[in-house]
Amino acid sequence: MRILITGAKGRVGRDMVLELARRRHEVIALGREDLDVTDLPAVRRCFTAWRPDVVVNCAAYTNADDAEREREAALATNALGARNVAISCREARTVLLHFSTDYVFDGEKSEPYTIWDSPAPLNIYGVSKMWGENFVRSLLDEHYVVRASWLFASHGRNFVETMLRLGGASGPNRSPGQPCASTVSTGLPVVPVVTDQCGSPTYAVDLAKACADLLETGCFGTYHVTNHGTVTRYEFARAIFEMAGLAVDVRPARSEAFPGTARRPRNSALDPFPLHETIGYLLPPWQDALKRYLGHRDPGTQADRPTKPVGHAAGGLWPREQEELAT
Ligand SMILES: NC(=O)c1ccc[n+]([C@@H]2O[C@H](COP(=O)([O-])OP(=O)(O)OC[C@H]3O[C@@H](n4cnc5c(N)ncnc54)[C@H](OP(=O)(O)O)[C@@H]3O)[C@@H](O)[C@H]2O)c1
């Protein structure tokens, strides 16, 4: 299949490019400078030029805290951008796989959220993603809306890298000379982490594989795709430090201890039904995913890695992707 990926330089975008190219699909990887999804004529021109069979929309405004201040920008990319891609897919009779998030829910449910639960976002990012979902569903029959949560990928920032930095691990995410808070008594770095947010971490590599499998089913609809199991942020942080072999004094904290950030759902757990019934498996447990992530982690390829593609951008691959495909 010829598959066009928007936002191809983001966390999910990069792993989608890798996974689909590995499966020998013809991949057209477009970064933001190649295609701005808020520009409908540009999206239409792209579809005419490339004539894709499938579009994977990874373009998104994803900083939930900044979105509270930059409401227009978040809505433009996540709602209007999704609308523009869906309109162009409908006109070109192209299948769309669109990503969304657990943040469309308010987190007040005591059970994991199912695909039939009604969104009620707590923050602007969640609102913008909900509107994006609604545009996709109302404009296009042949769509997959894939909600993920607590994403970690080997590109860009994520919670795991933040914890490793705060825990004192060396790596490019640590600013030169940046001290770690530490207890006088133990000398260990002190890292407060919230106990009142629980969810399912998602490794972008596993997400990309499941999405590539979903695309082969033709079973359109909404899916929850996360690694198996739920955990609080606090427990997740402890697991990260333990697996990374870091001695850290992890302190339980409440969300109120971090003022100025966007409100987040207390419960982000997503029920995967009907993922197993559709692709034949569920994603591995988050502990397994974290172990693989840490095993593959190369500090030189984390947040500070160059984002320029090799050669021409459209259809181009980045250095590490090229290496991985060659091995
Ligand atoms: N990260 C998470 O924890 C998480 C959790 C659940 C769901 N998701 C969803 O997964 C999807 C992918 O997220 P991600 O983590 O890969 O995000 P990401 O790393 O922030 O990547 C998003 C990409 O989209 C690009 N972009 C932004 N505005 C654009 C525009 N107007 N036109 C075209 N491209 C644009 C960004 O470019 P710039 O960097 O130049 O802005 C970036 O390369 C999103 O739909 C997100 O909502 C993410």
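Author: A residue is buried if 20 or more other C-beta atoms lie within 10 Å of its own, exposed if 12 or fewer, and partly exposed in between, with C-beta atoms placed from the backbone. Buried residues make up 49% of the 327 residues in this chain. The model is predicted: local features need pLDDT of at least 70, side-chain atom pairs count only at pLDDT 80 or more, and totals for chains, interfaces and linings use all residues. Residues are numbered from 1 along each chain as its sequence is written.

Reader: Is Asp 249 buried or partly exposed?

Author: Asp 249 counts as partly exposed because it has 17 C-beta neighbours inside 10 Å. Its C-alpha atom is separated by 6.2 Å from that of Val 191, 58 residues apart along the chain.

Reader: How are two packed helices described?

Author: They are described by the angle between their axes and the distance between the axes. Helices are DSSP runs (H or I, at least four residues), numbered from the N terminus. Axes are lines fitted to C-alpha atoms over the stretch in contact, and angles run from 0 to 180 degrees between N-to-C directions. Here H8 (residues 233–244) and H10 (residues 286–296) pack at about 45 degrees, with axes 11 Å apart.

Reader: Why are H8 and H10 oblique to each other?

Author: Angles under 35 degrees count as roughly parallel, over 145 as roughly antiparallel, 65 to 115 as roughly perpendicular and the rest as oblique; H8 and H10 are therefore oblique.

Key. Helix = DSSP H or I, 4+ residues; strand = E, 2+ residues; numbered from the N terminus.
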